[in-house]
Number of protein chains: 2
Amino acid sequence: MSDIHAKLSTSIHDAVRVRLAKVDQRYTTRRRLLVETLAAAARPLTIPEIVATTPRLPQSTIYRNLTILAEVGVACRIPGTDDYGRYELAEELSGHHHHLVCTRCGRVDDVPATATLERALDDAASAVTDRQGYRVTEHRFDQLGLCRDCCDS
Amino acid sequence: MSDIHAKLSTSIHDAVRVRLAKVDQRYTTRRRLLVETLAAAARPLTIPEIVATTPRLPQSTIYRNLTILAEVGVACRIPGTDDYGRYELAEELSGHHHHLVCTRCGRVDDVPATATLERALDDAASAVTDRQGYRVTEHRFDQLGLCRDCCDS
DNA sequence: CGCATAACAAGAGTGATTATCATTCGCGTA
DNA sequence: TACGCGAATGATAATCACTCTTGTTATGCG
């Protein structure tokens, strides 16, 4: 089990290093720490959440490096329903998935994609591409509702 | 043709008036102007866009009234990929649809929902509801890519 | 007609995010 | 190993979409 995780982590780190190197950026300790934080979470994280879990990283460093990681396609910014942006590893590294969004507290959770749903979504994409002149390259499917905590309260 | 539009507009205005009345709010000229602006656009609008198309409305009034219209379920705020929030009529008034999002310029266009896709999405929703404790009430399906203008340039 | 209440509009304030800049660090080179 | 250059860091200032405050105006009701 831990071997699998170690291998997975290594491959992710290698991929990140390559992508940063393409624009002459270094894979520093802080950036590695950020990537590991994102990889460990099973859901997109807000900056305050990242600050809370990694007190070694100052806020400005988190903001700056998340922006850079997003530019090189390692991280991804998710616009949510509350005031905070949320960051997760890019789908190329973490695998394609969708999101559960709580409309009350803003929490976002990951949900794996299913083959049948993906086929329906892709069909819809190709049907639209021609009609409106868009070149569709990816999709987002969010399911909105109340999370377990907000259901109870 | 214009008769149909007139009826449609009237029914929307009536619905808006009722919803505002429930919280002791009036359906004023500015609010009607806002609703008509949103209804006329076939896509979600940013506040700068609304300011540009209706110079009679000061920015503060647009912000305040869009917030109120959103609270009573008449309008809806769409988080996009750029810095600007976008507003559209709530789906209860405009009908269910999805969005095409340009990843370069941020533009958002509407795309009608199809029955087969909706069925697939609903199936996915019910499959997830039980598993993760969420109570899913609605969904968002965005197709990301380049709009016609950004394709050309 | 006059009061009560809501809406308006201009500007100040808020807060998440971004830019600045002196200092430190990482990495290649001699 | 020491040197030097450029990138990275982090404390702070600035930005900007958005919200609140305040004094004024308009509207509905008796």
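Q: Which order do the strands take in the open sheet of 3 strands in chain B?
A: The order is β1-β3-β2, and the pairing is antiparallel. Strands here are DSSP E runs of at least two residues and helices are H or I runs of at least four, numbered from the N terminus; two strands pair if DSSP finds at least two bridges between them. In chain B, β1 (45-46) and β2 (75-78) each have a single partner strand and stand at the edges, so one side of each is left without a neighbour in the sheet.

Q: Before we go on, what kind of model is this?
A: This is a predicted model, in which local features need pLDDT of at least 70 and side-chain atom pairs count only at pLDDT 80 or more, while totals for chains, interfaces and linings use all residues. Residues are numbered from 1 along each chain as its sequence is written, with chains lettered from A and ligands numbered from 1 in the order in which they are written.

Q: How do β2(B) and β3 of chain B pair?
A: They run antiparallel, with 4 bridges between β2(B) and β3 (residues 86-89) of chain B.

Q: Which strands pair with β4(B)?
A: In a regular strand the side chains alternate between the two faces of the sheet. Here β4(B) has an antiparallel link to β5(B) through 5 bridges, and a parallel one to β6(B) through 4 bridges. On the β5(B) side, H98(B) has V111(B) as its bridge partner; on the β6(B) side, L100(B) has Q143(B). The hairpin of β4(B) and β5(B) has 5 residues between the strands, and G106(B) there takes a positive phi near 90 degrees.

Q: Is β4(B) mostly covered or mostly uncovered?
A: A residue is buried if 20 or more other C-beta atoms (placed from the backbone) lie within 10 Å of its own, exposed if 12 or fewer, and partly exposed in between. By that count, 5 of the 6 residues of β4(B) are buried. For chain A as a whole, buried residues make up 25% of its 153 residues.

Q: Which residues touch the most other members of the largest nonpolar core?
A: In soluble globular proteins, nonpolar side chains tend to be buried together. A nonpolar core joins buried Ala, Val, Leu, Ile, Met, Phe, Trp, Tyr and Cys residues through C-beta atoms within 7 Å. Among the 29 residues of the largest one, those residues are L100(A), V128(A), L100(B), V128(B) and Y134(B). In both chains, β4 (97-102), β5 (108-112), α6 (115-132) and β6 (135-146) each supply at least two residues of this core. Another core lies apart from it and has 14 residues, including L45(A), I62(A), L89(A) and L93(A).

Q: What does V128(B) touch?
A: Two residues are in contact if their C-beta atoms, placed from the backbone, lie within 7 Å. Leaving out residues up to four places away in sequence, V128(B) touches L100(A), V111(A), Q143(A), Y134(B) and V136(B).

Q: How many residues does each chain bring to the contact between chains?
A: Chain B gives 31 residues and chain A gives 30. On the chain B side, β6(B) provides the largest share, 12 residues. The two β6 strands run antiparallel, and 11 bridges join β6(A) to β6(B). One pair to look for is V136(A), which stands opposite G145(B).

Q: Which rotation superposes chain B on chain A?
A: Two copies of a chain are related by a rotation about an axis and a shift along it. Here the rotation is 179 degrees with 0.0 Å of shift along its axis, and the RMSD is 0.1 Å. That is the relation of a two-fold axis. Of the residues of chain B, F141(B) comes closest to the axis, with its C-alpha at 2.3 Å.

Q: Which residues come nearest to DNA strand C?
A: A residue is near a strand if its C-beta atom, placed from the backbone, lies within 6 Å of it. Of the 20 residues around DNA strand C, the nearest are Y63(A), G85(A), Q25(B), T28(B) and R30(B). Each of α4 (59-71) of chain A and α2 (29-40) and α4 (59-71) of chain B supplies at least two residues of this surface.

Note on methods
Copies are superposed by least squares on the C-alpha atoms of residues with pLDDT of at least 70 in both.
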